[in-house]
Amino acid sequence: QFSDVPVVGQVGYIEVNTAFQNDVSPLKVDLIYGTFRSEDGSIYLLPVVKRAENMVVNDTLNHDYLSPTGIEGFSKSACRLLLGDIEKLWNDGKVFGVQSIGGTGALKIGAEFLSRHMNCTTVYYPDPSWEMHGAVFSFSGFQNKIQYRYMNRETLEIDFEGLCEDISNAPVDSVVILHACGHNPTGLDLSKEQWRTIAEIMKERKLIPFFDIAYQGMASGDIEEDTWAIRHFHSEGFEFLCAQSFSKMFTMYNERVGNLTIVQKSGHNIGSLKVHIERIVRSLYSSPSNHGAMAVFQILSNPELYDEWSSSFKAMAARMIELRKAFRKALEEEGAFRKWNHITDQKGMFILLHLTDNQVEYLRNFHHIYMVNSGRVNVTGLNFTNISYVAKAIIDTLRK
Ligand code: PLP
């Protein structure tokens, strides 16, 4: 009977968000999801996206099905955004892309492919990482989910020695998830030197890189610079997968736009590879939807829209940097007993305050401030109205 299904509660982001929605206090502050907020707290929509969406609506003549792999031009533009000029590689079948339901969908298609067709059973992902990595892979049959050391919780810096040691011990054909930039939740990115070392270890150990890029352009403020690690692995001759999310880059969260890029050494089997991917998609959701991907495709393929879009990253990144500085200053003014330099050292959308579960709960119950485990803060949930309130509350919590 259905009633025999074990009782469970909500967890993670969903649980925190439900509690936030139910809180009637006018003081409440939402630092939960990674959605880009304006100064007034509303969810920002890039004007260029709105323009592109209107163009798509005007151009739509019917709502015919897309193919399981989606809009080819969109996927090709997405791959280009990652790897630069791919014309020849695309024609040779060495690079190809599949439109997906957000970045999560790209991870899912990739996990299914690796499990079914590469017989992979082990996945490594960072400790800490975005909360869905483990779940997506275990639902796709990966029996071994192992977290490699990423952040030293004492120093709040990258534990590079631990990271290297852990992946050096990974069995051949393990899949290793790598955040290409704007690491979620720590905001700590590897240096180019560190990426080079990781590529050497992975090559030696015959590991399969699976990049996850959800914040391209939002870590360094430069779209190309943020793909450096991926391009380095490519230049080193790796075969790899990359899940791209366009949710944050285009401020389009509910249109679920993403792409899975597959890079292989030889293109001779490209036809079969596509059929396998098509079958996976057919069994998951048959085919993707059109509107959001088409709007992204408009922007990526129209030079005028592209320029407007790519320059808007500079403003978004600048706002995040400004908020980081102001937040650090507010915390330092409230209480100097802890170092806050990590707030301005980290990059991207998230600040990891590294709080205990009790502290996160205290902030929620006594100050109406909502964030996910370990004290991960969406930096754009802060604004010049609430920043000092949040800083005071955090200091109060730490003093308890
Ligand atoms: N990967 C990382 C690292 C993320 O932070 C997120 C979203 O927060 C995703 C993937 C999923 O992106 P999407 O919402 O497009 O599925």
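Student: In this predicted model, between which two elements is the loop that holds proline 128 found?
Tutor: The peptide bond that leads from aspartate 127 to proline 128 is cis, with omega near 0°. Most peptide bonds are trans. As for its place in the chain, proline 128 is in the loop between strand 3 (122-127) and helix 6.

Student: Which residue does a cis peptide bond join to asparagine 184?
Tutor: This bond has an omega of about 15°, and asparagine 184 is also one of the residues that surround the ligand.

Student: Which element gives the largest share of the shell around the ligand?
Tutor: The residues that surround the ligand include Gly102, Gly103 and Thr104, together with others such as Trp130, His179 and Asp212. By class, the shell comprises nine polar residues, two nonpolar ones and one charged one. The largest share, three residues, comes from helix 5 (residues 102-117).

Student: Is valine 136 buried or exposed?
Tutor: Valine 136 belongs to helix 6 (residues 132-139), and, once its neighbours within four places in sequence are set aside, it is in contact with Thr104, Leu107, Lys108 and Ala111. Burial is counted from 20 or more other C-beta atoms within 10 Å. Because valine 136 has 22 C-beta neighbours inside 10 Å, it counts as buried.

Student: How far apart in space are valine 136 and glutamine 264, C-alpha to C-alpha?
Tutor: In sequence, valine 136 and glutamine 264 are 128 residues apart. From C-alpha to C-alpha, the distance in space between valine 136 and glutamine 264 is 23 Å.

Student: In the seven-stranded open sheet, which strands stand at the edges?
Tutor: The strands of this sheet follow the order 2-10-9-8-7-3-4, and their pairing is mixed.

Student: Which residue of strand 10 is the bridge partner of phenylalanine 96?
Tutor: Strands of a sheet pair through backbone hydrogen bonds, either parallel or antiparallel. Strand 2 and strand 10 (residues 257-263) run antiparallel and are joined by seven bridges. Within strand 10, phenylalanine 96 has as its bridge partner isoleucine 262.

Student: What is the bridge partner of isoleucine 213 in strand 9?
Tutor: Strand 8 (residues 208-213) pairs with strand 9 in the parallel sense, over four bridges. In strand 9, the residue that partners isoleucine 213 is glutamine 244.

Student: How many residues of helix 11 are buried?
Tutor: Helix 11 (residues 291-301) is mostly covered, and the elements covering its buried residues include helix 2 (47-59), helix 3 (72-83), strand 2, strand 10 and helix 12 (303-334). Among the buried residues are Met294, Val296, Phe297, Ile299 and Leu300. Of the eleven residues of helix 11, the number that are buried is nine.

Student: What phi does aspartate 173 have?
Tutor: Aspartate 173 lies in the loop between helix 7 (160-168) and strand 7, and it counts as partly exposed because it has 15 C-beta neighbours inside 10 Å. Most residues other than glycine have a negative phi. Although aspartate 173 is not a glycine, its phi is positive, at about 70°.

Student: What radius of gyration does the chain have?
Tutor: The C-alpha trace spans about 65 × 55 × 55 Å along its principal axes, and 46% of the 400 residues count as buried. A compact globule of 400 residues would have a radius of gyration near 21 Å, and the chain agrees with this, at 21 Å.

Notes. Residues are numbered from 1 along each chain as its sequence is written. This is a predicted model: local features need pLDDT of at least 70, side-chain atom pairs count only at pLDDT 80 or more; totals for chains, interfaces and linings use all residues. The radius of gyration is taken over C-alpha atoms; the globule rule is 2.2 Å times the number of residues to the power 0.38. A residue is buried if 20 or more other C-beta atoms lie within 10 Å of its own, exposed if 12 or fewer, and partly exposed in between; C-beta atoms are placed from the backbone. Two strands pair if DSSP finds at least two bridges between them. A residue is near a molecule or strand if its C-beta atom, placed from the backbone, lies within 6 Å of it. Ala, Val, Leu, Ile, Met, Phe, Trp, Tyr, Cys and Pro count as nonpolar, Asp, Glu, Lys and Arg as charged, and the others, Gly among them, as polar. Two residues are in contact if their C-beta atoms, placed from the backbone, lie within 7 Å.
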